[in-house]
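Start with one pair of residues, then widen the view.

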Amino acid sequence: MTTPIPQPPGVPFLGNVNTIDRDLPIKSFELLTQQYGEIFQLNIFGARRIIINSYKLQAEMSDEKRFIKNISANLKQVRAAASDGLFTAFPDEPNWGKAHRLLMPCFGTAAIFGMYDGMMDIIDQLVTKWERFGPHEDIDPAADFTRLTLDAIALCSMSYRLNSFYREEPHPFAIAMTDFLLESGRRSARNALVQAIMTQTNAKYEADIATMGQLVSSILEDHKIRPPAKPDLVTVMLNGVDKETREKLPEENIRANLLTFLIAGHETTSGMLTFVVYYLLKNPEAMRKLRDEIDTKIGGRRVTTKDVNQLPYLLAVMREAMRLGPTAPARSVTPIHDDAVVTGNNGQYLLHKDEPCILVTFNVHRDPKVWGDDVLEFKPERMLDGKFEALPPNAWQPFGFGLRGCIGRPFAWQEAQLALISIFQRFDLVMRDPTYELEIKQTLTIKPHNFYVRAIPRTDRPRMLLNPSSAPIAAPGEPAQIASDVSPANGLKPMYVFYGSNTGNSESFAQRIVSAAPTHGFAATLSTLDMAAEHLPKDGPVLILTASFEGLPADNAKHFVEWAENVKAADAFAGIKYGVFGCGNTDWVSTYQRVPKLIDDALEARGAIRLVDRGVGDAASAEFFDAFDKWEEMVWAKLSTEYGAVKSEQAVGLEIKTVSSSVVRAELLRQRDMGFGTVIENKVLTAEGHPPKMHIELALPEGFTYRAGDYLAILPTNPERTVRRAMARLNLDSDAEIEISSTAPTHFPTGKPVSVFNLLSGYVELQQPATQRDLEALIAAAPETAQAALKDLVANYADKVFAPRLSVLDVLEEQPSIPLTLGPLLHMLPAMRIRQYSISSSPLWNPTHATLTLAVVDAPARSGRTEPYLGVASTYLASLRGGDKVQCAVRPSAAAFHPPTDPGVPLVMICAGSGLAPMRGFLQERAEQKRAGRAVAASLLFFGCRDPRGDFLYGDAELKEWAELGVVDVRPAFSRCVGESAGCRYVHDRIGHDKAEVVAAYDAGAKFFVCGSGRILQGVKETIVELVKEVRGISDEVEAQKLLNHIMQGRFATDIFE
């Protein structure tokens, strides 16, 4: 008996037309696969299409005796230009066989080796362009790889030069082709009657076909008038005779195949190259290994055909990149015979003759049954040491399959290797925006979108690449340019400040150093640590401020750390003088300060000179800011003696004049990945009298995607009440507008008008505790009457400033006699930081919307003020209404903090309060999968709150619904109503009470997730250690902890916040 094939809900007449994103159908297929599993069907205007997503089904349907290539709806539209070319010909069209037999020898090993000179000719043009652009120019690799591959296929196979690297804009053929393929895809999902009335669109479509045809005509005419000395594909098609039919190809078919090669011969390869670069830049260890292989096996000599297929790690990188990013993301087949039955993981399915079956390679390459639980991670090692050859048949199909597979695969494979070797011999590539996450553009193929890099020429002399907010350092032999109004000509010495930061603390400290540098005789530049990988400068002091996140580097420090850890030469850092300040949190004892210590030790061990001892800042202690202030004092004192810099008594920094206008702040605050989301809904979840918790639904900025468990980074504004307090204290008119100029790099808008209200709202932190340095600056400015009170704050900083979170503004209000103006105040205040909130929804619910579940901080002020303390971001978000715009960006969570790909793996989720957010997303995803007919394991949710009627978030709504659906078993702990939670006050109590269920879940292969404060995590760990001792009969605490760490490896993930 066969299993019914599931189908998403549709609408009359249209069916599932609107289920699929018209611009990015592959994303829709990916989400529908998560929801419906290995097979589902779509109804497109009444016609059924079967979507195949598992290896087991693809392997069976790769039997060419049972299934034959189907010309999909998209390809039928492409036939308007490519007719019966090799890629678009119907199976029974005779010209396909003739062309295939004639052209196959042209792609043999010897023939492809013979194309080496032409390939290297075009590769050299790309390399020359990047060298001339220099390290500060933004490069669109997809665009330049398109130039490379289009020119290479034209030159090598058609003896025709397109000279794309000598044009400002892409070749007209490339523009017309992109538009043609996009429109072909859209036409395939468009009703014929609708298409007929779209006259302008139709005219553009015909014009694009004509533009492409013109190039084909030019190539043919050129060959007829001036035949090339060396026969090429065009020569073979013009003169060749098919041995089987004894016929030549008709000219129309020659034209169709020329167009096919120009399209397919470059689109897939350019996409492959771009995916390779993207995945390497997101995975520093893989980049290092590839660089080492190229440097060891080829060195500085020119790559040759003898090197092709001789670099195992390069081949593994390419194969793994094509697994995750198969540029031809799907292929279509149809059963040869009626009533074909195929067997999948979850049943047998009946297919009908001539019914389109789309094998989604993009999804099959993510089948965990073949590739493992880490299927979404880029790991070239899975393609090394015989593992690729040992893959089950038909598991890896980025080039299609069988007779109708890509005829040009050998060409693309050689071209890509030559290009990648040449590029990494000459350049260090870095992403323009280290926070960039993959966006995909889809035409007939897929490739990364809005992805930009910079190419730093590899030289013996280190050179620095700076991000757009910083000044570039010049190439060797050129004077350095400093990112401020000062320069070495002013007598200032160069200094380099690098930061690794996710949450903004390290970046804020780095900005303070850069801002103060001119008064200490230095002109400082500011950049992320990744921009300094392999390019640490030696002509000035290097200061590094960075954090650890559960022992791992910040997103913008990964490449630097990977490089620093693996440098081989004993004197690799000789000539570098440096200092390191580390931010961390002692709540994570085992990994505290791991990354700053690693960097510090690595630099010293290989010849660098440590200028000052490593600074240590503990975000959990009252001395966090004071620790930085003391370290900074040591830095300036040491630099004064080491470099003979002269301190200026001139006031640093900000000159202000009144003008008028506004600026965009995300760019200045170095949050370049931000877009504008739109609030759809904002509602209170808690009952009156309970601390408010909000549910906010946002329409994400266009092109943004996420996974359950990811974060939404929010760029907030200060509470209006706090801003008005500051303006009142400074005696500033609420309508005042100013213009700022600065003598150092700054996060403020300079040279442009901005209102004071907007400046204080969005560019600075007004409520951060004052630092000891801030207090000393206030003491220096204060009259005698205020001195004693301020000195008392310094003497009792932990109790009177840090613990009550006393801000600079609080101090100024308590001491009205201090004559502080706006400029010095702005100089004290740190830049506005982003806040990250766990997304509380799943893209299976809505891929373009995300929800947040958050607590609003509105509590009595610890400082003793009569007005309550308002949290910056939570107050901002709580104030939003439907239609409001929010600057936001999706940021990935830790790789482990996502639900397993297999919904049959149970979850044990532990959280309290708004820590429910990611768990709600996990459960929503499981609920959508269950409704779609997938087998979903029941999960345990341990949730702590006060009482069931006040703040049991979603308790009577989604949680109840999902429990009834069989997705979750909710085990609450009500701290103020313990009688209604089995006598358990906190979540760790409930875990101990329900230990039998926890053990059963573990034995069933469950994965454990904890979200909440460090206190919650500690309680949970202590309870589970006791459980381990009881179950395993262990009495020793240390032994039990070690055993817990072992058995939970890969099965226990945390997301801890304060």
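Phe-676 has Gln-887 of β29 as its bridge partner. Strands here are DSSP runs of E, at least two residues long, and helices are runs of H or I, at least four, both numbered from the N terminus. β20 (residues 675-684) and β29 (residues 885-891) run antiparallel, joined by four bridges. Two strands count as paired if DSSP finds at least two bridges between them.

This is a predicted model, where local features need pLDDT of at least 70 and side-chain atom pairs count only at pLDDT 80 or more, while totals for chains, interfaces and linings use all residues. Residues are numbered from 1 along each chain as its sequence is written, and side-chain values use heavy atoms, leaving out hydrogens and water.

Now widen the view to the sheet. It is open and has six strands, in the order β25-β22-β29-β20-β21-β26, with antiparallel pairing. β25 (835-838) and β26 (849-855) are the edge strands, each pairing on one side only. From one strand to the next, the twist averages 40°. Helix α31 (residues 916-931) lies across β21 (693-699), β25 and β26. Its direction is at about 145° to β26. Angles run from 0 to 180 degrees between N-to-C directions, and axes are lines fitted to C-alpha atoms, for helices over the stretch in contact. Contact means heavy atoms within 4.5 Å.

Next, a helix pair. α6 (residues 116-133) packs against α17 (residues 409-426) at about 35°, with the axes 10 Å apart. Residues making the contact include Trp-130 of α6 and Phe-411 of α17.
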